[in-house]
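Good morning, colleagues. I would like to take you through selected local features of one model. Please keep the sequence and the structure in view as I speak.

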Amino acid sequence: MSAFDTRRAFLRSGSLAGLASLALTPGAQAIAAAAQAAGKAAADPWREAQAIARRLAMPVKFRKKDYLVTTFGAEPCKLVQVRAWVSFEDQETLNTPAPGSKDCYPAIRDAIQRCHQEGGGRVVIPKGDWFCAGPIVLLSNVNVHLQAGARVYFSNDPRDFAKYGDHDCGANGKLVVSRWQSNDCLNFSSMIYAHKADNIALTGDDWTSVLDGQGGVPFEASSDCWWTWKGKNATINSVAQDKSPNYVPGKLAQNQVNPLNPKSLAEVAPDLSEEKRLLIQGEGDKWRADDAYLPALSEAGVPIEKRVFGLGHYLRPPMIHLIECSNVLLEGYQVTHTPFWQHHPVACRNLTIRKVYANSLGPNSDGFDPESCDGVLVESCQFDTGDDCIAIKAGKNLDTQYGPSQNIVIQKCTMHSGHGAVTLGSEMAGGIQKVYAQDLVFENKNWATNPLNIAIRLKTNMNRGGFLRYFYVRNVSIPNGVQTSPSFYATLPGSPIPNKSVAAAAGGVITFDCDYTPRADNVRIRPPEVHDVHISNVRVGNVRTKDGKQASSYQAFVILGPVASDYNGPMPRPEVLPVRDVTITDCDFGTPSNAEQPWYLYNVQGLRLKNVTIGGKKVDRVLST
């Protein structure tokens, strides 16, 4: 068995047996071959999108048998009010289960287990308020359904999501196989979790069917909450997302050095060469922060049984985390106040998310992040998020064994607040291809206080690499524009891109950022490749800015191609290709506030603008730089 196959075998296993032999490799040749076979442009891309949507219209089917959780001992809870965070900077009075509320975790678990054992069906959570101090784990042939008016409040105590995992990691808790920002690890369970399940569903009657992660509700013993673990925000000149709730310098968080992490990678990767160890660790000890330590473990080839987080660490779990599942339906509910990403399916096949309201304004509250998934339909959903509304991902560092994300259709959705409405990356080492987005409204209803940063967004860098190809967008309405002021990421010393000169973090309607947060990654050896992107019929409206002017954005588009000087690996350096074969047609970008420079280009070849209007002026040009 190859190292590639060994790794996949572990991720399908239910125990830690045999983990010591696990080898982590990028599987680059296998991935490249699979991607090459699949990565060809369709003669008619929109006909292909229609075929994907038709195939995924209803990917599941269940036995007609209901299992009420009350039959298994679940009881509704009483509520009390608490002062809680509802976004990066705002607090409100919210309901939370009263102290001493009955935990419905055992009843929901038993109902799902019985349903699964008897051939499947529907596990029903009735109208009412329910307290759940543990994960809802979906099993094959089970549909967990919330009736109208049902609201599940998940415990806001991290210890409750380190109790029931399959992997006993001692003081770190009983953890689950997870993927955190596209790196594999053992970590807290998500609130809704599934691993290798087939024919599963999570559904609700309507948006009064609510899954509440209580991400901003203070922990019992302190005024911190899940969101405090985000730590300091690194974006320069951000709007409405400057702080993590209750975080002050000196507190432990995901981006602060964790003394539990070793002082040298040599302790966990003794066979690593000194040269590579120094490259991965970089200068100082910032690499020992949890959010940098995990990717360092991937770069070092450390097996997953040694990538142990959970208790004592600060990597928040996603709300809904589905790994290697097939034939999945997510439909008809609202998810809110999530600790981290709202939906994170990994290596799933045939997944539909429809009529879901992704409503969480906390740090990293991405709405829907399909990763290395094949066959995804996102339809008639609404997003109001504290990070990207939709962000398509495909592995990071050496964790690329699941291959590319592909055959994804996004249609008939509405987006409000968020970093990007439709985003690809930043974790995309395995590649992204054949993505179709159409008939969308980026309404940006909170434009005055919490604006949508970017409408259509790609983000990668010399670490995250990967490819983006065959990305098609059409028929997008953006009536209230996007953020009209610029936001920036800090560049590397010696970069040809001066600091605070490119509004890649916010302000562009369309932004392709191949130099995304370059200071965040010590290893920068994988040039990304971006080509064959076609965007048409995007209509952007103006709003009145604080200075009384009308503006739609800061710039119409920002295309920042790969920056060769960021490379820090062995020579000869791989070829660094420009962004190429991009067309923007039949679009009206409104009036950018940066009238003197309505677009920015770097390392771009043959960008074709046809029937494009910017600031009332028609543009038909081919641009390269």
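**Charges over rings**

The charged end of R474 sits over the ring of W46, at 4.2 Å from its centre. By this criterion, a charge is over a ring if NZ of Lys or CZ of Arg is within 6 Å of the ring centre and within 35 degrees of the ring normal. R469 likewise lies over the face of F467, 4.0 Å from the ring centre.

A word on the basis of these values. The model is predicted, so local features need pLDDT of at least 70 and side-chain atom pairs count only at pLDDT 80 or more, whereas totals for chains, interfaces and linings use all residues. Residues are numbered from 1 along each chain as its sequence is written, and side-chain values use heavy atoms, with hydrogens and water left out.

**Aromatic pairs**

How many aromatic pairs does the structure hold? There are 18, where rings of Phe, Tyr and Trp (its six-membered ring) pair if their centres lie within 6.5 Å, with planes under 30 degrees apart called stacked, over 60 edge-to-face and the rest tilted.

One of these pairs, Y105 with Y164, is stacked, at 4.1 Å centre to centre and 25 degrees between the planes. This pair links distant parts of the chain, 59 residues apart: Y105 belongs to helix α4 (residues 105-117), and Y164 to the loop between β8 (150-154) and β9 (167-168). Helices (H or I, at least four residues) and strands (E, at least two) are DSSP runs, numbered from the N terminus. Y105 is buried at 7% relative accessibility, while Y164, at 35%, is partly exposed. Buried here means under 20% relative accessible area, exposed over 50%, and partly exposed in between, with a 1.4 Å probe and protein chains only.

W207 and Y357 form a tilted pair, with 4.9 Å between centres and 35 degrees between the planes. W207 lies in the loop between β13 (198-204) and β14 (210-212) and Y357 in strand β20 (residues 357-360), so this pair ties together parts 150 residues apart in sequence. Of the two, W207 is partly exposed at 31%, and Y357 is buried at 12%.

**Helix α5**

Which residues of helix α5 (residues 274-281) are buried? They are R277, I280 and Q281. These residues cover an arc of only 90 degrees around the axis, which puts them on the same side of α5; the arc is that of the directions from the helix axis to the C-beta atoms. Among what covers them is α6 (290-299), where contact means heavy atoms within 4.5 Å. After α5 comes G282, with a positive phi near 70 degrees.

**Backbone features**

Two peptide bonds deserve mention. The bond from G425 to S426 is cis, with omega near 5 degrees, and S426 is in the loop between β26 (420-425) and β27 (432-442). The bond from M571 to P572 is also cis, with omega near 5 degrees; P572 lies in the loop between β34 (555-560) and β35 (579-588).

Finally, N397 is not a glycine, yet has a positive phi of about 55 degrees. N397 is found in the loop between β23 (390-392) and β24 (405-411) and is buried, with a relative accessible area of 3%.
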